[in-house]
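Here is a short briefing on charge and fold. Keep the structure open while reading.

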Amino acid sequence: MPHSSGGGSHSGGSHGSSHHSSSGGSSQRSFNRISKNKFNGANRYVYYRNGAPEFIYSNYDLTSDNRGKGLISLAVYAIMIIFALSFIPAASHFPKKLDISKYNCSISITDSAGVIDDEDALMDSLIAFQDKTGITPAVITINNEDWQNNYTSLENYAYELYVKTYDDEKHWLIVYSEPKNPDPSFNDWFWEGMQGNDTDKILTYKETDLFNKEMQKGLTDKSISVDEAIRRSIDTLTPVAMKKYISFRAAVYPLFFVVFILFMAIKTSNFHPIKGKYYNNAVLCPETFVDQEKCEYCGGIYVVGMGTTCPNCGAALPIKGNNEIN
């Protein structure tokens with residue numbers, strides 16, 4: 001479906017396109033977490049590595065089979081990474097010219113408001129833009145009275161006008177509106193762009209933002225006509241519309257997010273590439289124990305009171321009171 005490429009008004013300034021951002025609700029859930037530091041809801045576990053105990057905290061039972069939960073956590077992390085990577089193509093611009101032989105590509109200028117002085121010059125600019133991009137532009141001027149009584153915004157009017165006029169997604173409709181009898185001291189004009197979805201890979205945020213700024217600046221300049229403001233904006237965009245580039249500044253944010261997610265996945269789950277096998281052998285232990293001793297057979301360190309055999313070599317431990325927790 002078509003969507004706004006941006007617009008503006010004399011009193012309200014300009015606004016950007018509507019399809020380059022999205023919003024949604026958020027939700028919270030509890031993920032499996034492992035940390036060397038104590039946190040709310042965590043129990044303390046011990047495992048042995050390189051002949052010495054290492055202590056970790058977990059908010060789920062490391063001694064039970066948590067492979068199902070672990071796989072779910074990995075799936076969630078994978079979805080988050082895929083979501084972040086989906087933003088990277090938007091940071092690049094490798095446009096492909098639309099094939100004007102595949103749709104009705106007639107360029108139109110409809111000056112219902114009677115504000116266009118040089119239609120031939122404007123048409124030349126529109127043709128040059130179409131030759132460069134394959135997108136078919138159209139310019140329509142109307143009066144505020146034509147839409148303000150039935151629509152909440154010119155954007156809504158332009159959307160309906162597009163879907164009623166075109167049966168494709170390859171047009172770019174530019175609508176300009178002003179009062180039938182404008183105030184000489186303040187002409188309350190509006191304008192809106194409406195682009196088909198097939199134009200998105202050419203008219204990205206960067207390209208439409210360039211046009212929008214020029215358009216708003218031109219319409220605000222009382223020394224030039226409406227058609228000249230449109231023509232200058234089109235002429236500014238046409239030479240750069242098909243340029244290829246990668247915005248590293250825009251790509252760095254999703255890449256940073258991917259690195260962060262990978263870090264969190266390794267840090268907070270028992271799928272750690274190095275320590276995962278040790279986590280699976282971790283044992284729940286008391287919060288208050290402090291005694292550790294060296295095994296007289298292997299020299300490894302063990303926690304006193306957590307068993308009768310050395311966790312490092314399996315040798316029997318000397319009896320010192322009660323070495324096993326009941």
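Asp-117, Asp-118, Glu-119, Asp-120 and Asp-124 form a negative surface patch in this predicted model. Glu-119 belongs to helix H2, which covers residues 119-133. Its relative accessibility is 40%, so Glu-119 counts as partly exposed.

**Salt bridges**
- The structure contains six salt bridges.
- One joins Asp-99 to Lys-102, with 3.7 Å between the closest N and O atoms.
- Asp-99 is partly exposed at 37% relative accessibility, while Lys-102 is exposed at 65%.

**Pairs within helices**
- In helix H3 (residues 154-165), Lys-164 and Glu-160 sit four residues apart, about one turn of the helix.
- Their side chains form a salt bridge at 2.8 Å, N to O.
- Lys-164 has a relative accessible area of 63% and is therefore exposed; Glu-160, with 26%, is partly exposed.
- Helix H4 (residues 205-220) holds Glu-214 and Lys-217, three residues apart, about one turn of the helix.
- Glu-214 and Lys-217 also form a salt bridge, and their closest N and O atoms are 3.5 Å apart.
- Glu-214 is partly exposed at 22% relative accessibility, whereas Lys-217 is exposed with 52%.

**Overall fold and surface**
- The protein has seven helices and 14 strands.
- It has 326 residues, of which 42% count as buried.
- Take contacts between residues at least 6 apart in sequence: 65% of them join residues at least 24 apart.

Definitions and conventions
Residues numbered from 1 in each chain as written. Predicted model: local features only at pLDDT ≥ 70, side-chain atom pairs only at ≥ 80, totals over all residues. Heavy atoms only, no water. Patch = residues over 30% accessible without salt bridge, like charges linked within 9 Å, V, L, I, M, F, W, Y side chains within 5 Å. Areas by Shrake-Rupley, 256 points an atom, 1.4 Å probe, with all protein chains shown as cover. Salt bridge = Lys/Arg side-chain N within 4 Å of Asp/Glu carboxyl O. Lys, Arg positive; Asp, Glu negative; His and termini not counted. Charge placed at Lys NZ, Arg CZ, Asp CG, Glu CD. Helix = DSSP H or I, 4+ residues; strand = E, 2+ residues; numbered from the N terminus. Buried < 20%, exposed > 50% of the residue type's maximum accessible area, 1.4 Å probe, protein only. Contact = heavy atoms within 4.5 Å.
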